[in-house]
Amino acid sequence: MTDLSALAADLRNMKLAEVRLPEIPIGPQRPSPELPAGPSDEYTAADASRSLRVTVDPEGMVLRFEVAGSWLSRLPAAEFGSALMAAYQDALWIAAAVGREARRNRPEQEAPVSFENWSGAEDLETFLAKTKAEQAAIGQRLSDARENAARVSYDVTELRSPYGFVTLQVRTGALVGLTANTDTISRANPGQVQQDLWEVFGDAGLRSNRASAPVSKPSRRRPQVEEDPEEDLWKGLGRK
């Protein structure tokens, strides 16, 4: 079983600690996401209804959103926000878990210090001078970090998407909440929803610089519900 406390530390390293991942219930009601066989350039997670998919890069930045053409037939519009947040958090969970496992299995790169490799090194005076300079540089970085931390605002900022389908709550560069406008999102087509999410996550600084913009602007027609609710008509952004 994956250690959630260790994953929380990994998320802090990814600057995503505010996504309270360890508090997500994992159990019969919400199973742990399935992990891929090994590291990848991207990780995808879906909500329980398999209507929404979120793909992130190894750093947890969003690459694309995918909304099934038949999502309204199996996911109530009132649950869109919580379903999207669950898929997003699961994608982060997968990225953090895979990254942690890869670091754990990474062989040590540095050889231990020995008399043989020390004897060919620089003289003691040069070594001490370099060590002193490195300590000074580290001290300056720590001082800068403390000053920057003092200037950080922990207030929650709300960002409304261009079409008004969702509103993000962001704090210190991490997503801490997401609400959906049930009325407007139920009348939008999947492509328009994807475009809206792609833009607002970009405004929030949560989108990967590898993410591809949509090929064309979606129309404002009401989405047509498919006769077969089990058929996924994925229209992901940035797909080749």
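Me: Is Arg187 buried, exposed or partly exposed?
Reply: In this predicted model, Arg187 has a relative accessible area of 42%. Buried means under 20% and exposed over 50%, so Arg187 counts as partly exposed.

Me: Which residue does the side chain of Arg187 meet in a salt bridge?
Reply: Side chains of opposite charge can pair when their charged atoms come close. Here the partner is Asp183, with 2.9 Å from N to O. Asp183 is partly exposed as well, at 48% relative accessible area.

Me: How many salt bridges does a search of the whole structure find?
Reply: The search gives 3. One of them joins Arg64 and Glu42 at 2.7 Å, N to O. That pair links distant parts of the chain: Arg64 lies in strand β3 (residues 62–67), while Glu42 sits in the loop between α1 (4–13) and β1 (43–46), 22 residues apart. Arg64 also meets Glu66 in a salt bridge, at 3.9 Å from N to O.

Me: What links Glu42, Arg64 and Glu66?
Reply: A network of salt bridges links them. Arg64 is buried, at 13% relative accessibility, and Glu66 is buried too. Glu42 is partly exposed, at 30%.

Me: Where is Gln169 found, and which residues does it touch?
Reply: Gln169 belongs to strand β5 (residues 166–171). Leaving aside residues up to four places away in sequence, its contacts include Val156, Glu158, Leu175 and Leu178. Gln169 counts as buried because its relative accessible area is 13%, under the 20% limit.

Me: What share of the 240 residues in the chain is buried?
Reply: Buried residues make up 38%.

Definitions and conventions. Residues numbered from 1 in each chain as written. Predicted model: local features only at pLDDT ≥ 70, side-chain atom pairs only at ≥ 80, totals over all residues. Heavy atoms only, no water. Buried < 20%, exposed > 50% of the residue type's maximum accessible area, 1.4 Å probe, protein only. Helix = DSSP H or I, 4+ residues; strand = E, 2+ residues; numbered from the N terminus. Contact = heavy atoms within 4.5 Å. Salt bridge = Lys/Arg side-chain N within 4 Å of Asp/Glu carboxyl O.
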